[in-house]
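Have the sequence and the model open side by side.

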Amino acid sequence: MGSLSFSLFVTIAAASGLLFGAESKTYWGDAEVLKELKNGLDPRSVTPGSCVSSWDFTVDPCDNLLGEKFTCGFRCDVVVSGLSRVTELSLDQAGYSGSLPFTLNLPYLETLDVSNNNFSGNIPESLSNLTRLRRLGLSTNSFSGEIPDSVGSLSNLEELYLDNNNLQGTIPASFNGLVSLKRLELQSNKLNGHLPELGSLINLNYLDLSNNAITGSLPTSLPVSLVQISTRNNNLSGALTSESFKNLMYLEVVDFSSNQFSDSVPSILFELPSLQQLTLSFNQFSWIEVPSYTQSELIAVDLSNNQLQGVLPTFLALMPKLSSLSLENNEFTGLIPIHYALKTVFPEIGISPFGRLLLGGNYLFGGIPRPLLVLKPDSANVSLVDNCLYRCPHIFFFCQGGQQKSLAECKGFSPLIP
């Protein structure tokens with residue numbers, strides 16, 4: 001653990017009799033807390049010569065900032081109140097291991113970040129005593145067990161990072177009490193069970209639940225303030241309903257890939273005023289609802305690896321800002337609409353062309369739309385392989401990388417395919 005490989009920072013507002021010119025002195029209770037923190041760490045993870053190894057509590061931290069007793073990790077400021085308060089504690093990327101030593105009494109703490117270490121064991125229930133906490137970072141450790149219900153009592157919390165651990169069990173329903181929360185990251189754990197209703201989190205902008213084992217359907221009530229939501233790689237199922245999205249006017253990014261969602265892709269996802277990226281790949285959707293209008297902000301749509309049927313939706317080629325579309329590995333059939341080719345090769349003024357158009361792995365038949373025949377390889381990423389096209393010679397880059405399906409396979413899917 002070298003001083004350049006991690007950050008360790010403790011902010012203390014130090015007691016003083018006068019606002020200016022007085023000697024700073026650490027409040028005794030704060031010194032005891034820091035002493036307990038050092039004593040609670042696994043001694044094997046405290047490298048000789050590191051910041052924590054230099055902490056010598058036979059002297060006062062704030063009186064020895066420039067000495068060798070406390071080489072880094074402190075800033076002492078004079079305050080009018082004369083009260084000493086630890087407000088920030090960061091051990092990010094310090095390489096510490098063992099259980100988190102938190103029987104600590106830090107009533108004024110606003111930021112606690114011990115991310116990117118090797119802490120293990122359960123998340124301490126005593127964290128709920130830190131009632132002024134605004135940011136809690138426990139990311140990328142080896143914490144296990146369930147998330148304590150008591151975390152939901154931290155009503156001032158604005159950022160909560162529990163991602164990349166070994167946490168199990170369900171997301172506590174008490175999280176509905178985190179009314180100030182703006183960012184919630186629970187990705188890459190072993191969480192299971194159903195999602196609680198989170199509609200009460202009216203300030204939540206960013207929600208990442210990806211890479212867990214969460215089951216059930218998407219809640220009908222999502223925070224209206226959401227800007228990004230990801231549930232990638234879980235076991236969520238059922239249909240997506242308009243009710244879940246109708247009030248999400250600020251939503252920009254949706255990633256529900258690698259779940260078990262089924263039924264239709266609701267039209268509201270193509271109508272939300274701010275949505276730019278929609279990823280629903282690797283699910284079980286069977287059809288797409290047509291929106292009532294196409295003036296969407298969508299830039300990228302990925303519906304690949306589902307069970308989508310019918311003809312390719314024309315409205316997707318009419319969305320003015322859509323430049324990346326993946327419909328690979330579905331069950332689409334029929335001709336490739338001329339609108340897809342025109343948007344790729346000859347877009348109208350003010351219309352974004354398809355820079356990425358992936359239609360392989362379907363049952364599309366007929367000929368290649370004529371505008372595509374003049375498309376240069378470096379102008380767009382287009383793929384038409386593994387379909388039922390009449391002819392797709394490899395002289396065209398979008399026919400390379402695979403063959404067309406056999407006539408028997410195409411006829412087996414639909415006798416109407418010529």
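Are the faces of strand E26 (residues 363-366) covered or uncovered? Both are covered. Tyr363 and Phe365 on one side are buried, as are Leu364 and Gly366 on the other. Buried means under 20% relative accessible area, with a 1.4 Å probe and protein chains only. In a regular strand the side chains alternate between the two faces of the sheet. Helices (H or I, at least four residues) and strands (E, at least two) are DSSP runs, numbered from the N terminus.

This is a predicted model: local features need pLDDT of at least 70, side-chain atom pairs count only at pLDDT 80 or more, and totals for chains, interfaces and linings use all residues. Residues are numbered from 1 along each chain as its sequence is written, and side-chain values use heavy atoms, leaving out hydrogens and water.

Now look at the neighbours of E26. Strand E24 (residues 331-334) pairs with E26 in the parallel sense over two bridges; pairing requires at least two DSSP bridges between the strands. Here Thr333 stands opposite Tyr363, and Gly334 opposite Leu364. Strand E28 (residues 388-389) also pairs with E26 in the parallel sense over two bridges. There Phe365 faces Cys388.

Four strands make up the open, parallel sheet, in the order E22-E24-E26-E28. Strand E22 (309-311) and E28 are at the edges with a single partner strand each, so one side of each has no neighbour in the sheet.

Next, the cores. A nonpolar core is a set of buried Ala, Val, Leu, Ile, Met, Phe, Trp, Tyr and Cys residues joined through side-chain atoms within 4.5 Å. The largest has 99 residues, and Leu384 is among those with the most contacts inside it. A second, separate core of five residues includes Tyr363, Phe365, Cys388 and Cys410.

Key. Buried < 20%, exposed > 50% of the residue type's maximum accessible area, 1.4 Å probe, protein only.
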